[in-house]
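Here is a short report on one protein chain.

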Amino acid sequence: MHMEAGNDTLHLEFILLGLSEDPELQPLLFGLFLSMYLVTVLGNLLIILAVISDSHLHTPMYFFLSNLSFVDICFTSTTIPKMLVNIQTQSKAITYRSCITQIHFFVLLAGLDEFLLMVMAYDRFLAICHPLHYMVIMNCRLRGLLVLVSWVVSVLHALLQSLMVLQLSFCTDLEIPHFFCELNQVVQRACSDTFLNDVVIYFAALLLGGVPLTGILYSYCKIVSSIYAISSAQGKYKAFSTCASHLSVVSLFYGTTLGVYLSSAVTQNSCSIATASVMYTVVTPMLNPFIYSLRNKDIKSALRRLCDTGR
């Protein structure tokens, strides 16, 4: 049986095998992922509300943080709700159209996460290395421009990847050993030539993964050298504390992402790759609000004020 790309393909259904096929584990997985999803949405929503409602937080750093929180809510919403519905209905199917849509938004939002983390590193670099000119350089226009460019590049990349998948034909092997339509896994299920898709995927991974990471590493090299140049211990601590939260988030995001891709290169065990990818698709967006709020006095006081006005 051979499905050509076209009308027949539109009626295809992929089978998402999920994290486990054990029926006894399904209620546990449902409860775990539902609670993680609710914590992610609530936590990031609180960060956005705190930044909007508190005039003390109307600064470039918190503007970028609220954008990151919005992207994290959307990011988890592309995968977890569908997984929860599938567990609840005891169905593993996802339609061709839903699968392509999921690929598009997952690639878009993952790219946005990377670009926003780079923009936030650049913001910290300006604040610590050029404090006197910081507010002049990082004005409203530049802030908006940095976020807009991040969105445009991410949207174009996601469109390219999803259009490339639309060109593929699929046969009978439609089982995806994952809990969502992961780009690589879907491309591997095609029975037409995927050489061009593979080239685009790897080139985009190098470019869109490498550029933000290089920008972050460069910013932090400059930040570290600037902090060392500060004479007082209190000044060093204050400068470092302003980027500790961001550094934790960057380490968590890139550590888990690189871990998943390195493990996928070493092992062919799709189940372990799917489990490992939970780290950057679910755990990292859930932990981001905690990392920023627990280490940040401004966010904590804004959240307290928000709670007081809500009573």
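What follows describes a predicted model.

## The whole chain

Start with the fold. The chain holds twelve helices and three strands. Its radius of gyration is 21 Å, close to the 19 Å that the globule rule gives for 311 residues, so the chain is as compact as a globular protein of that length. Along the principal axes, the C-alpha atoms fill a box of roughly 70 × 45 × 35 Å.

How much of the chain is buried? Buried residues make up 49% of the 311 residues. The accessible surface comes to about 15,800 Å². Carbon and sulfur atoms account for 68% of that surface.

Contacts tell another part of the story. Take those between residues at least 6 apart in sequence: 78% of them join residues at least 24 apart.

## Two spaces, side by side

The structure holds one cavity of 30 Å³ or more. The table sets out both spaces.

| Space | Volume | Lining by class | Element giving the most |
|---|---|---|---|
| Largest cavity | about 40 Å³ | seven nonpolar, two polar, two charged | H11, four residues |
| Second largest pocket | about 760 Å³ | 13 nonpolar, eight polar, six charged | H10, eight residues |

## The cavity

Which residues line the largest cavity? They are Leu68, Asp72, Phe75, Asp113, Leu117, Val249, Phe253, Tyr280, Thr284, Pro285 and Asn288. Four helices each supply at least two residues of this lining: H3 (60–77), H5 (96–129), H10 (233–266) and H11 (270–294). H11 gives the most, with four residues.

H10 supplies the largest share, eight residues.

## Thr284, a lining residue

Now zoom in on one residue. Thr284 is found in helix H11, and it is one of the residues that line the largest cavity. Is Thr284 buried or exposed? Its relative accessible area is 2%, under the 20% cut-off, so Thr284 counts as buried. Leaving out residues up to four places away in sequence, Thr284 touches Leu252, Phe253, Thr256 and Met279. Of these, Phe253 also belongs to the cavity lining.

## Cys243, a residue of H10

Cys243 is found in helix H10. Its relative accessibility is 2%, so with a cut-off of 20% Cys243 is buried. What does Cys243 touch, not counting residues up to four places away in sequence? Its contacts are Arg124, Ile128, Tyr220 and Ile223.

Cys243 and Phe105 are 138 residues apart along the chain. Their C-alpha atoms are separated by 29 Å.

## In brief

The predicted chain has twelve helices and three strands.

Technical notes: Residues numbered from 1 in each chain as written. Predicted model: local features only at pLDDT ≥ 70, side-chain atom pairs only at ≥ 80, totals over all residues. Heavy atoms only, no water. 1 Å grid on protein atoms, 1.4 Å probe; cavity = no way out; pocket = protein on both sides within 12 Å on 5 of 7 lines; lining within 4 Å. Points joined across faces, edges and corners; volume = space filled by probe spheres on them. Nonpolar A, V, L, I, M, F, W, Y, C, P; charged D, E, K, R; others polar. Rg over C-alpha atoms; globule rule 2.2 N^0.38 Å. Buried < 20%, exposed > 50% of the residue type's maximum accessible area, 1.4 Å probe, protein only. Contact = heavy atoms within 4.5 Å. Areas by Shrake-Rupley, 256 points an atom, 1.4 Å probe, with all protein chains shown as cover.
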